[in-house]
Structures are given as C-alpha cells and as structure tokens.
Protein chains: 2
Amino acid sequence: MLLYDSGLSGNCYKVRLLLAQLGLPYERREVDVFDRSDRARILGGLNPAQRVPTLVFDDGRALAESGAILNYFAEGTPLLPADRFERAQVLQWMFFEQYSHEPYIAVVRFWAHAGIEPEPHEREAKHRGGIAALEAMNAHLERRAYLVGERYSIADIALYAYTHVAAEGGFDLGPYEALREWLERIRRQAGHVPITA
Amino acid sequence: MLLYDSGLSGNCYKVRLLLAQLGLPYERREVDVFDRSDRARILGGLNPAQRVPTLVFDDGRALAESGAILNYFAEGTPLLPADRFERAQVLQWMFFEQYSHEPYIAVVRFWAHAGIEPEPHEREAKHRGGIAALEAMNAHLERRAYLVGERYSIADIALYAYTHVAAEGGFDLGPYEALREWLERIRRQAGHVPITA
C-alpha cells in the first residue's frame, strides 16, 4: 500500500509509527506541505480534504484522516482495546487531539518550520490553547501510565506525535512532569521509530 | 444517564439526534456556552477539555467528544456499518468534520449567536474554510445518497449537525444541490428530531 506522507507532519508520523509497530510494509510518497498548489492533482480523487496522511490500498481504495487510519489498522491488535467503553475513550482522546491540541501545538510548530510570523494576538491565542491541552494531558497522566486502560494504545500514538515535538513551536514541557515521563514511556515501546525515520 | 448539553451546540445535537433515533432515554443539563467561567466546577472532573457534550453514565463513568459518544452508542446498530473499512470511512468523515468543517462553519455561526464581530480577515479565513468543506461534501454527495456505504450512519449525523444550520453563520447552501438533497434525506429518517427539540 501507498502512504501519501510528509516527514514534517505529526499526523503522518502517527501512521508511520503504528505501521512500524505492527510490522506492516508500505511505500511512502512525500507531499509538499509548504506549497499546496499541487494538492488537487495529487490527492483530489483520494481525499475530500486533500490532506496528508492519505493511504491507498493495493486495490485502489483510499482512506484519510490519521484517526481513521489508526483505528482501521489497530483493530484486533493490542493497540486498540477490545472493551467497548475503552475504545470510546481512545476515540475521545483522538478527537481531543484533533480539536483541542493539534490546532494549537502543531500549527505553532508549522509556523516555526515555515518561517511564518503571525500577529502577536494570534500567537498568544495559539499558545494559550496549547498550554490548556498540555495541562489537561498532564493532569490526566498524573494518575495513569497511559491515556486509556493502563495500556499503550493508538490514543498514546495520536497524542505523542505532536506533543513530543511541541518545543519546536516554543512550548516548554518542563512544568509537566507526568507528561514528560509518559513521553519517555511511549519512546520505550517495542518497535518505536522516531518522527525522522 | 445524564448529558451535559447545550441547545445551541451542534456537537450536542449530534448526540441528542442519535439517542432519539436509538430510543435511549437520558436527562439533559444545560451548560452555558457564552459564559464559560463555571466550566471547571461543572465539567472539570468529567472531561479534560471541559466541553459539551459530556455524557455521564449511571455508574458514574463519563465520556466526552461527540464523535466518541456517537461511536459508542451506534456500535452494533444499523447506524454504524459492520464492515471494517466502512467503519473507518465513517471515522474519516467524523474527523473531517471536527478538523475541516466545524472550526469554520460552527465558529462563524457561534459568532453570530454571541454577537461577536471578528476582524475582517478572520471572518474571510473562516468563510473560505467553510466553503471548502461544503464543496468537498457536495462533490462527494453528487455520486452518493449518504456519506458512507449508501446507508444512513453516524457520519451523516455528524456532518448534518452544523451543515443544516450553516446559513445562521451566513453560508449560502444554494449552490450545493447534492448537499441540499442530502440534508432533506437526513431530515426524513425515522425518529429524526430537530436541533430545537
């Protein structure tokens, strides 16, 4: 299968990390995340949002959105709980990430990589939202080793992706001890690969 | 069970619509979406994001994020496909909604209801994002009756919620014929309730 990918994108890294840990082979095709003028041609027929990651199976079917791809491949593996409520909790954290974490922490990091200088009030709003997300995660992890069910799952993969590179956007993880210990716990999982792999 | 709810919120409406169609009884507790000063006290121990909807089961367990709640209750019903790939497609549309649709279409509608006047460039950016989402949905629905698997599912519920009130934020659905026909198709589903119910 073929992954339309970006080495910079944490959303793509989630997919690469899961596929590595499941031992599933795939090809990668790098898509430019700075110049998007070619997106309709490359991804138009595959993904209504024309974003990466987009995964194309060998039979031509396409699947997009990191959260959907992660759930698809994790089903039936130890990385997605069998319990119905725990599976819903995994989704809760994955939707939290896309709505309350990524739009702040990933966007500020993207600005840094793209050399974009936002208005001060825009940066301040993004910073405030990112801090709220980090504080919510840290408080949750003060009483738990993993986000859901006391086991490593795709919820951890989804939240690890942009949290572990939050400093690239200027977020200081120093105050969040439980969060930093959790990051280290995720890094030690069998088959872990870094975002640069 | 108890739903921390908002009559205005499309995210809460998704949950109310599904529970109505599944015939599941619950209590509602209205949470202020304009004055958020009381959020930590009301939702702090229940939902890391302190948002509505948050659902509390009779045994005290809490579940948040509309997408997670919808998947939990739809599992094993005709509203969530049994096929693994189709279930992933449902999630793809639900993540699309939360990342590429709601932050534009719902936010502009909220501004209108709250009497917030954004900077012109902020409004323009939100409008552009909303149009892109509506165009993506319309193109998809030109060849299909429902978003996934040619059957009504929680993907349709998730996208219906804010799309059908997009005009309240100034979005004109006139150009999107397939989208308007789909809205009418969703309205005709057995057990449908309006957002005002």
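**Where the chains touch.** I looked up the contact first: 24 residues of chain A touch 24 residues of chain B, where contact means C-beta atoms, placed from the backbone, within 7 Å. This is a predicted model, in which local features need pLDDT of at least 70, side-chain atom pairs count only at pLDDT 80 or more, and totals for chains, interfaces and linings use all residues. Residues are numbered from 1 along each chain as its sequence is written, while chains are lettered from A and ligands numbered from 1 in the order in which they are written.

**Who contributes.** On the chain A side, I found β4 (62-64), α3 (66-74), α4 (84-114) and α5 (120-141) each giving two or more residues. Helices (H or I, at least four residues) and strands (E, at least two) are DSSP runs, numbered from the N terminus. The largest share, eleven residues, belongs to α4(A). By class, I noted 14 nonpolar, six polar and four charged residues; Ala, Val, Leu, Ile, Met, Phe, Trp, Tyr, Cys and Pro count as nonpolar, Asp, Glu, Lys and Arg as charged, and the others, Gly among them, as polar.

**Same surface.** I saw that 100% of the interface residues of chain A are also interface residues in chain B, so the copies meet through the same surface.

**How the copies are related.** I then laid chain A on chain B: a turn of 180° and a shift of 0.0 Å along the axis give an RMSD of 0.0 Å, superposing by least squares on the C-alpha atoms of residues with pLDDT of at least 70 in both. The two copies are thus related as by a two-fold rotation axis. In chain A, the C-alpha nearest that axis belongs to A:Tyr99, 3.2 Å from it.

How values were computed:
Two residues are in contact if their C-beta atoms, placed from the backbone, lie within 7 Å.
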